[in-house]
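Subject: Handing over a structure, with notes

Dear colleague,

I am passing on the structure that we spoke about, and I would be glad if you read the notes below with the model open beside them.

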Amino acid sequence: MTAAPRPGPRHLHPLTFVVGAVRELMALIGAAAAGLVVGGLTTGVYFTLIGLALSLTHHLVKWFTFTYAVYDDRVELRRALLGRSVKNIPIERIRGVDISATLGHRLLKLAVVRIDAAAGGDGGEEGTLNAVSRQEAERLRRTLLSSARTGPAHPDAVAPDVVYAQARPRWYLYAPLTGAYLLTPFAVAGSVFGTLYNLGDDLGLVTRDRLRHVGDDVLGLPVGLGVAAAVLVLLVTPAISIIAFALFNWNFTLRARDGAVVVERGLVTRRSVSLERRRIRGAELRDNLLERFAGVVRLRALVTGLGDEAHRGQLLPASPRGDARDVAARLLGGIPSPLTAHPPAARTRRVVRAMAPPLAVAVIALLAGQPWIAYACMAVSVLAVPLGLDRYRQLGHASDGARLSVRSGALRRRQSVVEHRAVVGWRLRQTLFQRRLGLATLVVALGAGDGGAPAVDMAETDAIAFAHRITPEWVAPFLERP
Amino acid sequence: MRLRPPDNRVSPRAMAQWGLEYLLGWAIATGLAAGAAAWIDASHWSGLPHALVTRVWWVPPLVAALGLVTVVVAPVWRYRVHRWEVSSDVVYTRAGWFNRHWLLVPVSRIQTVDTDQGWVERILGLATIKISTASHEGSSKVAGLTVQVAIRLAADLAGRAHDLRDDAT
């Protein structure tokens with residue numbers, strides 16, 4: 001390569017193998033202890049010790065044979081154990097640098113660096129440095145993401161860190177509103193029960209007889225106890241979801257640094273995700289019904305060519321709507337508002353679509369001679385009316401000359417704000433019913449996020465005018481001549 | 001403001017292709033429905049209401065009738081809807097039948113252009129062009145082109161996409 005190496009190849013931090021070794025040591029000690037308890041000092045224990053020695057050697061050799069180097073145009077990861085593998089990541093393709101540190105790493109002041117790069121196709125490629133010192137991690141991040149090298153510098157590229165948002169204690173209380181965190185207790189409980197069951201099974205505690213009795217025992221309990229248990233679950237679930245949220249998002253901080261946006265979070269494992277600022281082409285504000293009533297919203301970045309976008313694109317967890325909008329506006333330069341409402345025909349369509357599925361089931365139930373199911377479905381379809389109306393109220397689109405915004409959904413609402421230059425193409429969809437109502441759905445095709453942001457049920461002519469306003473040169477040649 | 005239809009129709013042979021594909025698909029569906037009906041009839045399964053079990057033999061003819069209508073109507077309908085055009089370095093396509101979609105993709109945002117030929121298409125001398133961008137919503141397919149047109153169009157688009165490519169995505 002023509003470019004001169006800056007610091008030359010480096011090894012990972014020498015303490016790296018300690019972390020790996022300690023982790024394996026714990027697992028092996030656990031296994032050995034169990035072995036000792038069950039069968040005394042048997043061959044199994046010796047095998048365990050040999051395994052430990054082997055794994056230590058493995059870690060040492062791995063550390064010794066792995067080097068990395070940062071050149072002007074690329075990062076080189078070189079592994080030469082038996083075979084030899086060299087991985088080159090062109091610096092211009094790097095989209096993000098992700099620094100994380102588990103408890104062990106943090107005690108030793110180490111960090112794992114993950115370099116995320118857009119590959120030629122749609123799948124990303126990445127390199128992992130496990131692990132380097134914290135200072136080295138910071139240095140790598142600055143080198144790999146400094147925008148001075150890759151193009152025109154962003155206005156605040158040299159400015160010191162600017163804190164865009166920082167978690168306030170109130171934020172932790174929003175955790176139960178977000179569905180995913182509410183489900184964590186059940187996932188945890190499931191895996192704990194599974195482990196206990198397996199353990200019990202191994203020790204011969206689970207017998208067919210006992211299993212049969214579990215059912216009787218549960219059913220035989222007094223009703224009061226059942227109600228108490230239900231209340232307890234209702235109380236405990238949000239509490240655990242808050243704990244889970246705090247574990248992942250402790251001291252959530254979003255700051256701008258060197259032309260990058262850095263998210264730092266986590267209690268035990270501290271994670272820091274950097275996104276190259278000029279690759280951020282938009283943002284998404286998402287909320288569900290509970291979050292909407294509480295006035296909070298989650299914010300995600302739309303970044304082109306980012307792998308694992310669901311996790312790395314996160315800019316803010318559920319946080320007050322005003323704060324989230326401020327952050328989005330600072331990142332993108334503004335949020336187009338107010339949103340233009342969609343035509344009244346869209347309201348009809350939303351309501352009909354909300355009512356149709358339960359009504360269809362009701363008809364089938366009636367035909368099958370199940371009147372009670374039919375009545376229940378009819379009741380549901382009446383309840384669907386306000387849902388349809390709300391879905392209509394949430395529809396909207398806007399553009400302010402540099403950014404466009406579309407919003408849809410009611411139970412899970414999503415507002416996308418996208419820079420005009422990020423638009424890849426336009427897709428106009430029209431069903432037979434939409435055609436009769438003069439409506440169409442305009443999908444803004446994007447090379448980020450889910451691949452598109454739909455503006456549902458716009459008036460057909462408005463949809464085309466909207467696309468024409470944003471990219472006149474793409475639409476004008478195909479307009480109907482007056 | 002309204003969009004005019006794209007200039008070029010696909011090859012009329014595409015109707016034969018779609019007809020054949022729908023015929024095969026619906027024949028399989030009818031076969032499966034008949035199999036399921038026979039199984040439910042023979043097993044006297046109590047999981048379904050009696051009224052449904054006695055009428056289970058209505059299903060296969062219903063599927064067949066639906067298929068017949070689709071096979072007759074859909075290819076002609078699709079042929080009338082499917083159109084494409086490339087001008088001012090924008091690919092403009094219209095597709096669908098029952099539901100329609102229009103797609104506008106500038107050549108500068110195209111990442112790859114593929115030409116595909118299934119076995120039915122090979123028999124009929126047709127090909128499908130797949131135009132991919134960074135977004136799957138912005139990726140389009142033009143089916144039912146003759147092989148010569150498809151190859152020429154693909155080469156043309158790929159060449160111009162290379163010249164115009166901007167990394168705005």
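Predicted model: local features only at pLDDT ≥ 70, side-chain atom pairs only at ≥ 80, totals over all residues.

Residues are numbered from 1 along each chain as its sequence is written, chains are lettered from A and ligands numbered from 1 in the order in which they are written, and side-chain values use heavy atoms, with hydrogens and water left out.

Chain B has 5 helices and 7 strands, where helices (H or I, at least four residues) and strands (E, at least two) are DSSP runs numbered from the N terminus. Along the sequence these elements follow the order β-α-α-α-β-β-β-β-α-β-β-α. Of the 169 residues in chain B, 43% are buried; buried means under 20% relative accessible area, exposed means over 50%, and partly exposed lies in between, with a 1.4 Å probe and protein chains only.

On chain A, a nonpolar surface patch of about 770 Å² includes Leu103(A), Leu107(A), Ile243(A) and Trp250(A). Patches are made of residues with over 30% relative accessible area and no salt bridge, with like charges joined within 9 Å and nonpolar side chains (Val, Leu, Ile, Met, Phe, Trp, Tyr) within 5 Å, and the areas come from the Shrake-Rupley method with a 1.4 Å probe, where for residues only the protein chains shown count as cover. Helix α9(A) gives the most to this patch, with 3 residues. Leu107(A) is found in helix α3 of chain A, and it counts as exposed because its relative accessibility is 68%.

Which kind of aromatic pair do Trp372(A) and Tyr375(A) form? Their pair is edge-to-face, with 5.6 Å centre to centre and 90° between the planes; rings of Phe, Tyr and Trp (its six-membered ring) pair if their centres lie within 6.5 Å, and planes under 30 degrees apart count as stacked, over 60 as edge-to-face and the rest as tilted. Both residues lie in helix α14 (residues 371-394) of chain A, 3 residues apart, which is about one turn of the helix. Trp372(A) is exposed at 70% relative accessibility, whereas Tyr375(A) is partly exposed at 47%. In chain B, the ring centres of Trp97(B) and Phe98(B) are 6.0 Å apart and their planes stand at 70°, so this pair is edge-to-face. Ring pairs also link Tyr22(B), Trp77(B), Trp97(B) and Phe98(B) into a cluster.

Over all chains there are 29 salt bridges, a salt bridge being a side-chain nitrogen of Lys or Arg within 4 Å of a carboxyl oxygen of Asp or Glu. One of them joins Asp98(A) and Arg271(A), at 2.9 Å from N to O. This pair links distant parts of the chain, 173 residues apart, with Asp98(A) in strand β5 (residues 94-101) and Arg271(A) in strand β11 (residues 270-276) of chain A. Both Asp98(A) and Arg271(A) are buried. Another salt bridge brings together Glu284(A) and Arg286(A), again with 2.9 Å from N to O. Here Glu284(A) is buried, because its relative accessible area is 2%, while Arg286(A) is partly exposed at 22%. Salt bridges that share partners join Glu284(A), Arg286(A), Arg300(A) and Arg414(A) into one network.

With best wishes
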